[in-house]
Amino acid sequence: MRLFTLLIIGFLAFVGPAQVNAGWQDEWEKTVAAAKKEGQVSVMGPLGSNTRDALTGPFMKKYGITVEYFGGRGGRLSTRAGLERRAGRYLWDVFVGGTTTGLTTMIPLKAFDPLEPSLILPDVKNPKNWRGGEIEFVDPGRQMVVMTPTHRVLLAVNSNIVKPGTFKSLKDLLKPEWRGKFVMADPRRPGSAQATFLFFLLHPDLGLDFINALAANDPVMIGDPGVAMDGVARGKYPVILAPRSSILSDYLRRGLPLAIVDPTTVKEGSDISPGAGALAVFNRPPHPNAAKVYTNWLLTKEGQYELGKALFYVSARLDVPNDYYANELWRVPRPGAIKTYDVAAMKNKDRLRSILNKAFGSRTKKRSK
């Protein structure tokens, strides 16, 4: 090992730092030039106009490369990619979305390549720039990177009806006064509600008993998260459980009467999740050089700021300004918090689905009549 180190030091002394730097610079310049000839990069990403704008406009302005963007929920993205690939059509370069979609559908579909060979910029590859001292991959094949690990919002309220400080514990939702008065998306479908119930299942003070008791308190389940949020904003429902972050952020920007319940003021806290902030590159991409340029850009300080601000999530890069969440520093991941996005968490999904079907099945059928 000592001999190997001495050889490396000797090599660096021989070629000089300028020549070493020239290696990545030459590669980068050639990649950018080839990407501009391709003229386009095709990105699958999350829904929402703010997110679309963040993932398209700044990159196009910087590099003059068109971004073809298709936004959708995770299930829609994976279904489309699967159908296209089975037909022999490889139309996409970059995926930005949730780790559940990646780990349970896209990676089993063998849709992605390992990400590290696409990374060129030293600024991106420098472990000191990343929380935890490294870029975080969620799969053994190192195909999917987590960009925005953030403490999630579990509760929001109509601020004209309920004070956020009303809730000191998630178990307050079990009180009789909230029976039939809080709304949420269907947790049996992938999304923020399902992630929230996974957190309940994994939490030592909540678990199965809490899930069953919550179901028994008759929450209003609405299929469309936007409709659910609209119901709270208009005062039809005073509380929303597991709001979708992108929709909540949009409503807050519009000045509607909504308030977040700070998870640090709630006994059980909240989980950490990147939401729709994971990154992967498709294999057999139609624009391989543009895919590399886009991937590197998105992992720079500039790209991470644009993405984090749009999703209202905390970037895993330590040098990204926090001005957009400066008053909500509870969003920054805390050591030891429950993760609902990694491989270990995914192993509980089948058990969770069985629990949710038992807890909500018959009650939802009644409600749907």
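Close-up 1. The charged end of arginine 254 sits over the ring of tyrosine 251, at 4.6 Å from the ring centre. Here a charge sits over a ring if NZ of Lys or CZ of Arg is within 6 Å of the ring centre and within 35 degrees of the ring normal. The model is predicted: local features need pLDDT of at least 70, side-chain atom pairs count only at pLDDT 80 or more, and totals for chains, interfaces and linings use all residues. Residues are numbered from 1 along each chain as its sequence is written, and side-chain values use heavy atoms, leaving out hydrogens and water.

**Close-up 2. Arginine 317 over tryptophan 130.** The charged end of arginine 317 lies 5.6 Å from the centre of the tryptophan 130 ring, over which it sits.

**Close-up 3. Tryptophan 28 and tyrosine 63 pair edge-to-face.** The whole structure holds 17 aromatic pairs. Rings of Phe, Tyr and Trp (its six-membered ring) pair if their centres lie within 6.5 Å; planes under 30 degrees apart count as stacked, over 60 as edge-to-face and the rest as tilted. The centres of tryptophan 28 and tyrosine 63 are 6.4 Å apart, with planes at 80°. Tryptophan 28 belongs to helix α1 (residues 2-38) and tyrosine 63 to helix α2 (residues 49-63), so the pair ties together parts 35 residues apart in sequence. Helices are DSSP runs (H or I, at least four residues), as are strands (E, at least two), numbered from the N terminus.

**Close-up 4. A ring cluster.** Ring pairs join Trp28, Phe59, Tyr63, Tyr294 and Trp297. Tryptophan 28 is buried, at 11% relative accessible area. Buried means under 20%, exposed over 50%, partly exposed in between (1.4 Å probe, protein chains only).
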